[in-house]
Amino acid sequence: MLFPTIEFAVFFAVVFPITWLLNPYNTCKKLFLVAASYYFYAFWRPEFTLLLFASSLANYLVALLLGRLGDGRIRFAVLCLAVAANLGLLGYFKYYNFFAATLVNAIDSIGFRAEIGFIEVALPIAISFLTFHALSYIIDVYRREIKPSKSFLDILLYISFFPHLIAGPIVRAAKFLSQTATPRNPAEIRLGQSVFLILGGLFKKVIIANYLSTEFVDAIFHDPSNHSSLDLILGMYAYAMQIYCDFSAYTDIAIGIANLLGYEFPQNFNYPYRAVSVQDFWRRWHISLSSWLRDYLYLPLGGNRYGEFSTYKNIMITMVLGGLWHGASWNFLIWGALHGTALVGERIFGLTGSASAKPHSPIRTAFGWLLTLQFVCVTWVFFRASSIDASLDYFWTIFSGASWSTTVTPFVIVIFALGALSHIIPPRWFEMAQQRYDAASLPAKVLVPFAAIFLIAVAAPDGIAPFIYFQF
Amino acid sequence: MTNVDPQGSTKNGSGHPLRDAAVVIYATLFLLVLAIPQSLTNWLRDMRTTELQELALHPAEGLQSVSERAGLATAYRRSRNLFIALSGQQDSLTGSPDQ
């Protein structure tokens, strides 16, 4: 079930009142939200709800065990087994065929022949996100940052809650479980913010991301060698806009919907293409994933505590695995490694300053922004292309400079410019608009979303493509 | 629209945020069904047939007929046609009311 569909509108129109009617009866409400979330997930493939349930149950029991055990080797061994089981599940569904193929090719290249079976099984949607939610919970319990939840219902809801289930944001267990303990306060609803997040998300996904994809980007990446150098350069920037509008749209809508139900999610994007360094970029892009990787991978590896070389190694491991998290392919691995290399380079040359730190001159900041933006857009090619060969083909065609004509239409330029507004409009304008909305009369509050959705429907393409991050 | 820190925003100005949220959600959906009535009826027809959908189809068709008679659905079709003409896009979303 996609957010920008009539199915979801009907689903939410039923879930919203029942959730608030049951709010005084917290257990009943959570039971209902779990049922609704499982229905939401089952809309795609019902059989994988069993996997969702089994993962929740296993992690609930492991956390209880970790809570009872005293510090020592046994407790650590239980954690390692639980982490391995969670990653094993992810590995089986997502990475088995990739590693099997890599092994077969490696053995083949040294002159031997290997017979390794491949599995034919659909990848459960959102498995990466639900695995990271589960890991966040058991690791926090192991670190004694939170107590294990005695309520299985709370864990079921934490892992399956439909707004964040499919593509995040990754909500930490401590933050979410503190919100399930008591009924939610309706006064916590930030209507203006939720409405603007949902409308902005619909606009970015339905209009910007979909049109950039169907009108330009897909054709360019499908057959780069049949396009001009200029088209490929523009395609790179168009894809950068598409993926931002696609993914941030999903999490914006998720945050807005969760807030309408009384739950608070963390911010996931903060003007990422305004970043003035690659480190700054990762503080602004998919913040819930980058902070997850920092807290559960980079810091446990040692972070920056054991000298420069160890820090570089830890950055590379984190970024390569972070890249691989997005999908089982060499392209994602290379994408992660390139970002890791850039982060290491920035540390070596002391170029890690963010815009808010303000230690640099405006010229240096502007140069940092320009360089970072080019780097991020160039590396998106590895993220989007179907293979390494396709990526190299893409760059080869750009540098061959065969032709400088373009297939970009004025319509695509207008769509791109509208997408760019999301980074040009100052944040305070959004805040002012939300405040005005909140202070407006009730009829005006209705007319704003009606008019916005009406206009989006007028300009919508035929059919809505799935969100890019669904595959992760 | 985006890049908003959920913790950094002010709360609802009204003293009845839940009531306001409910009115906004249902009134918006109702107005959309009136303004683009074929979206609901087409969706109900396209879905797998269940008794509930059959049941919902009749009031949806009634609403569509009211909307058509009152001329409310015309605004969407005209706007859509204008967008198609300006953007040069292909269209399969507009058409006759009973599409």
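1. Helices (H or I, at least four residues) and strands (E, at least two) are DSSP runs, numbered from the N terminus. By that rule, Tyr211(A) sits in helix 9 (residues 191-222) of chain A. The model is predicted: local features need pLDDT of at least 70, side-chain atom pairs count only at pLDDT 80 or more, and totals for chains, interfaces and linings use all residues. Residues are numbered from 1 along each chain as its sequence is written, chains are lettered from A and ligands numbered from 1 in the order in which they are written, and side-chain values use heavy atoms, with hydrogens and water left out.

2. Stay with Tyr211(A). Is this residue buried or exposed? Tyr211(A) is buried, at a relative accessible area of 3%. (Buried means under 20% relative accessible area, exposed over 50%, partly exposed in between, with a 1.4 Å probe and protein chains only.) Contact means heavy atoms within 4.5 Å. Leaving aside neighbours within four places in sequence, Tyr211(A) touches residues of chain A including Phe216(A), Phe411(A) and Ile415(A). Ala459(A), Ala460(A) and Pro461(A) are also among its contacts. From chain B come Phe83(B) and Gln89(B). Ile253(A) lies 42 residues away from Tyr211(A) along the chain, and their C-alpha atoms are 19 Å apart.

3. Now chain B. The chain has 4 helices and 0 strands. From the N terminus on, the order is α-α-α-α. Of its 99 residues, 40% count as buried. Take the contacts in chain B between residues at least 6 apart in sequence: 43% of them join residues at least 24 apart. Chain B exposes about 5500 Å², and carbon and sulfur atoms supply 61% of that area. Accessible areas come from the Shrake-Rupley method with a 1.4 Å probe; for residues, only the protein chains shown count as cover.

4. One residue inside chain B deserves a look. Gln64(B) belongs to helix 3 (residues 51-69) of chain B. Gln64(B) counts as buried because its relative accessibility is 6%. What does its side chain make a polar contact with? The partner is the side chain of Thr41(B), at 2.8 Å. A polar contact is a pair of N or O atoms within 3.5 Å; within protein, one must be able to donate a hydrogen and the other to accept it, and residues adjacent in sequence count only if both atoms are side-chain atoms.

5. Next, the interface. Here 43 residues of chain B are in contact with 59 residues of chain A. The two chains bury about 4400 Å² between them, 66% of it on carbon and sulfur atoms. Buried area is the accessible area (1.4 Å probe) that two parts lose on being put together, summed over both. Between the chains, 5 residue pairs are in polar contact, both residues at pLDDT 80 or more. On the chain B side, helix 1 (17-35), helix 2 (37-46) and helix 4 (72-87) each give two or more residues. Helix 1 of chain B has the largest share, 16 residues. By type, the chain B side divides into 24 nonpolar, 14 polar and 5 charged residues. The classes are these: Ala, Val, Leu, Ile, Met, Phe, Trp, Tyr, Cys and Pro are nonpolar; Asp, Glu, Lys and Arg are charged; the others, Gly among them, are polar.

6. How many salt bridges cross the interface of chain B and chain A? The rule finds 1. A salt bridge is a side-chain nitrogen of Lys or Arg within 4 Å of a carboxyl oxygen of Asp or Glu. Asp20(B) forms a salt bridge with Lys445(A), the closest N and O atoms being 3.0 Å apart. Asp20(B) lies in helix 1 of chain B and Lys445(A) in helix 19 (residues 442-459) of chain A, so the pair joins two chains. Asp20(B) is buried at 2% relative accessibility, and Lys445(A) is buried at 1%. Asp20(B) also forms a salt bridge with Arg19(B), with closest N and O atoms 2.9 Å apart. Arg19(B) is partly exposed, at 44%.

7. Over all chains, the structure holds 15 salt bridges. One of them joins Lys175(A) and Glu264(A), the closest N and O atoms being 3.7 Å apart. This pair links distant parts of the chain, 89 residues apart. Lys175(A) is in helix 8 (residues 173-180) of chain A, and Glu264(A) is in the loop between helix 10 (229-260) and helix 11 (278-282). Lys175(A) is partly exposed at 24% relative accessibility, whereas Glu264(A) is buried at 19%.
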